[in-house]
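Please read these notes beside the model.

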Amino acid sequence: MTAHVILRNVTKRFGSVVAVDNLNLEIARGECLSLLGPSGCGKTTTLRMLAGFEDLDEGEILVGDRVISSRFKNYYLPPEKRDFGMVFQAFAVWPHLSVFDNVAFPLQIRGLSRPEIREKTTKALTYTGLLDVRDSYPNELSGGQKQRIALARSISFNPTVMLLDEPLSNLDPKMREVMRFEIKELQKRFNFTIIYVTHDQAEAMALSDRIVVMDFGALIQQDDTPVNVYLRPANKFVFSFIGLSNFLAVELADGRIYLQGAREAGPVTAAVPPHAPGKPPTLACRPAEIEMVPTGGVRGVVTRRVLLGDIIDYRVQVGPTEVRVQRNVRKPVFSEEDQCGLVFSALHWYDESGARVPTP
Amino acid sequence: MTGTDRKFGIAEILLLFSVLVLVIVVAVPILLIFWNAVVVDGGLNIAGIVKVLSEPDVFQAVVNSLVIAGAVTVVSTVLGVFFAWLVSRTDLPFKETMKLLFLVPFMLPSFIGAIAWKMLLSPRAGLVNKWFMGLFGLEQPLFNIYSLGGIIAVESMYLFPFVFIQVSGALERMDPTLEESARISGAGLLTITRRVTLPLMLPSIAAGALLVALYSLAHFGVPAVLGTEAGIFNIPTLIYQKIYASGGRFEAIRAGTILSSILVTAAALILYAQNLILTAGRFQVIAGKSVRPMLLKLRGLKYPLLSLSVLYIAITVLLPTVTIFLVALLRTYGLSFSLENMTLHNITYILFTMKLTKDAIWNSFYLSLAAALVTMLVGTLISYVIVKMRVRGKFLLEFLGLLPFSVPGTVIALGVILMWSGKFGVNLYNTAWIIFVAYIARYMAFALKSTSAALEQVGDSLEEAARACGATHWQAMKDVVLPLIKPGMMAAFFLIFLPALRELTTSVLLYGPTTRTIGVAIYALNEDGETVYAAALSAVALFIIIVGHWVIKRITGTTKIGGAS
Amino acid sequence: MADVRLENLAAVFGTHRVFEGFTLTIRDGECFTLLGPSGCGKSVVMRMIAGFEHPSAGEVFIGDRLVSSAAKKVHVPTESRNIGVVFQDYAVWPHKTVFENVVYPLQIQKVPAAEAKARTMEAIAQVHLGGLEDRYPSQLSGGQQQRVALARALVSKPKIMLLDEPLSNLDANLREEMRFEIKDLQRRTGVTILYVTHDQEVALAISDRIGIMGKDGSLRQVGDPHEIYTNPGDGFVFNFLGVANFIPVERRNGAVHIQGSDLPLQVEISPAARERIARGEVLAACRPFEIDLVREGGATRGLVRRRVFLGPIVTYFITVGQVEIRAQQEAAEAFRDGRALEEGEACGLTFQALRWYDKASVGKEA
């Protein structure tokens, strides 16, 4: 792939804390990449270094073949010269300017002629559905519209790179869904590269071509498509960060895997993953990927049943282990204290360091 | 809101009481002023108003007031914005200290500052002038403080913190992403300041500037000390002069009320304008999280600007204060400042011997204490009715409560004279009571503001939770509301006690032979030429004020900045 | 423990009519949730039971006791109703410690000090705050403060407990945890609970019975969670409880089609429903998971306009005729079994079940 944005050995320290530790990342032109991780993991710092609000301590950042920031060459391009679009979490639209003037601002700075400014601003407003309110002021508009102003303002000068810092967290769930779609549409139309920071895994999965899951120090845990990150998490951290999880201790006996302390319940599987002797890996599985049957399977007792709407959430006790299962409300319902059997379809294995063990 | 429990009349009784208090104490005096100004012998007399206003000294006083207020506003705004920006948006060193020092003028009465500047820059005897003339062998002084320029300069020094506080607070709380988004849109620092920061600061700047204008228009002390000698009068000083020169003649009082009406109208307009600006609504720029704003690196300018700031503080804060203390220790005014000429005698004399000053100190203390206590208690009650009670007619209270905020001390004093000098059968003139009543009228608004803010912090659910636990309405008040508003009530108390202690504008029109306040005593001593004693009492007053602020800070954990003087 | 009876309750404030003719019985010992969109008046109902508001009409009974009646000019004040209340903002007193907060009701009742202390410590232990009794609320987290409120509401052994959106200020994980704590507490103490919320997830999870209020203040349906969820009485309830498809239909040559679609709907439609379809009164309704998706065949054909992958499920927005329908597949099924559909692909839809609701009842909740 021809990389559009390159981060090479980027490191950032705040005092003795290493916020970003030797980060290497390449993003292709037109790609939508999410930086996903818990609060404080360094994803926002990374974004701010891309924007230029923070400068790196080591490494370099390039866009196209242009160096943006480099410690080797002692070069730093300030934010106002980087030509990026940026959308902030709290919208950051200027309350004293009308919608039109907000969107036209970057064009005015760039010294375009009046007719050109009008034309490009009108275009941006049209694409974001704000043409009708162009003379209104931000405080008269809703959260979703304010975010659209921010988007329009960023695309008005046709940037090649768009930086988005948790742009949807201040919106209600319905609006979030709408805006996700609109951002995607804008990207298709303008073909800019998006770097998106979020702690909401559902959002990352819905929007991105590629997700980079980060832990503290901006250490990359997995860099892959949303589907792969969900179906084949590279390690325990990613598995538990994305979606609900069960981590179950197991024991090995006569060539079969059993849940620990529950050999009478029946085997989980005969496909034993490779492991060091005496140290079986941990079994991880998603509550939605466990089938419950009346007879057969790994035997257990339903200890709790909660209706969540279209899903019923069960806790099933198998010996000393509690397993969480989620089933669609359409399927047959089990009551508390019922006996049931668990059938594990998708098994993930992780060794004691958290690394993924290949499924046999 | 607490529930619609029918307290069977208790709410209505409280409302009535509150309205009565505010009407008697606040509304009637002001109404009397307007009445007196406009009505003569039972009929409207507009022609008479015009005649009075066209008298040269009255006309000139109005012009002077406007000129002074206008100039002071401009100067204060420039100073306030510049220093606020310096302290909040650059990497100036020692920022926290500078911030504190810039706020000191708030604490000190400006008329004492005027006296100090008189000692420094009076054309013949001023220390700085004498030194300058001696140094260069000139006949002309460096600067004559008895001038419009002198008045404007001194007032600005003491009023610019209004703008400073508003603007630095707003700058620090402003959402930094508003400026970051401008940066990433391509704007450099200058453009950002011009097109984003300043426009967004406009409401704060305007709020501060309007407050400065209001205070300057209503101010007595500085023009009295520096202007009267040169025949420069503003409205408050002319009112004072007319009333005292005439000994209470009707025409003088009428001139006074006419001038007062102009003052009140101007003040009301200013507050209205401020209200418009603050509720414009568009300008919600405060960030939710506390994030550090963008700081400008001063580089080469850092130390020059720091020196400039220090110099400014040295000249405007240190110089006059030190002067007061030094002169207070002089055996006789005019002697040079050497150790043989220093003595503590002046201080001990005014504290323990001189009747005038001993009385004044005592009067000020007990009047301020009493006024603060009563105003705080009544204010709390009225605030409770406004904030927490669901009863028809509350809006009356809200309206009445805001009134005194805009009414200058001179006007209140005049109104109180009109009301309590025998008109309604009660004559309090020349007694301490009249000053007491005037203080309550003057400071009620502060008490209301402080206590209603505290009450609003106590969510209704806190009281309701107590009720649900079995507490009656009164138990809930006692166990939940009262403990939680205590800090607000204490704040109200100190917000009134300290300013009342040091004020001059109101008591100067109301004092009698035995009811001088500290401010009046200092002023009188200065007028009589007893400069050393004036300085000594000023020094004592400054000392009390500084200690008072320190005590407040310890008790309430915050620095209370008083405003009125 | 007592039941609560509301008879013909009305809340009319000047020209603002919140609700009228509201009648409901909350059974002794049950956990009842009043569920509805913001502004529907559910909090007002609760406040009337608590005594913070006076009903403009109607009567409130707690147990056998008439506590509020506009007509009979009866109003037992809040403090005499022996209730426990938990507020949305916790309403924990910041100037009192945890212990002082919880013991307060007992102090008001003049319970002897030793007994009061014992009961208070027991209540604090019940909400798992043991060891924190000398802390001040400002030193506690949101979840801990909420538990203080719970303990304080329970310590006087009230007949009924009123909870007003107590969990909405907590984050998702904590909400889940606290839900169960409240339910467990109720099971152990047997106190009657009225829970007021707009969050259908909480309502479904903890209630013995749910009452759904419409935006106009009317009580739309009352029943146990599973019953209400699987048999919503009208379009509003259906829409409120979860993601819903509302599908306009038309009659063509005696068969029922999705509006604009050429293929007839192949589902069982009762004669009564057919009549209403003929009169143009109803919309078809189903949940996204009640639709099976295939590439070839299927009862009806459509075009995949958009696909959104969210983790456990993949959501599809499919155009059928003039209508956009939301359907889903489980992620494993879609990607492991290779049955995922691409955007722009044609597909087949088979409806497991269709409900029929009056067009008028499909209100938009806030």
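1. Beyond its neighbours within four places in sequence, Val416(B) is in contact with Pro29(B), Ile434(B), Val437(B), Ala438(B), Ala441(B) and Leu510(B) (contact: C-beta atoms, placed from the backbone, within 7 Å). This is a predicted model, in which local features need pLDDT of at least 70, side-chain atom pairs count only at pLDDT 80 or more, and totals for chains, interfaces and linings use all residues. Residues are numbered from 1 along each chain as its sequence is written, and chains are lettered from A and ligands numbered from 1 in the order in which they are written.

2. Val416(B), Ile496(B) and Leu194(C) touch the most other members of the largest nonpolar core, which has 383 residues. Such a core is a set of buried Ala, Val, Leu, Ile, Met, Phe, Trp, Tyr and Cys residues joined through C-beta atoms within 7 Å. Buried means 20 or more other C-beta atoms within 10 Å of the residue's own, exposed 12 or fewer, and partly exposed in between, with C-beta atoms placed from the backbone.

3. Helix 5 of chain A (residues 173-190) has as its buried residues Arg176(A), Met179(A), Ile183(A) and Leu186(A); helices are DSSP runs (H or I, at least four residues), as are strands (E, at least two), numbered from the N terminus. These buried residues pack against helix 3 (114-127), helix 4 (143-155) and helix 6 (201-207) of chain A. On the other side of helix 5, Lys174(A), Lys188(A) and Arg189(A) are exposed.

4. Chain C gives 22 residues to the contact and chain B 18. Strand 7 (83-86) and helix 2 (98-108) of chain C each give two or more residues to the side that touches chain B.

Terms used:
Contact = placed C-beta atoms within 7 Å.
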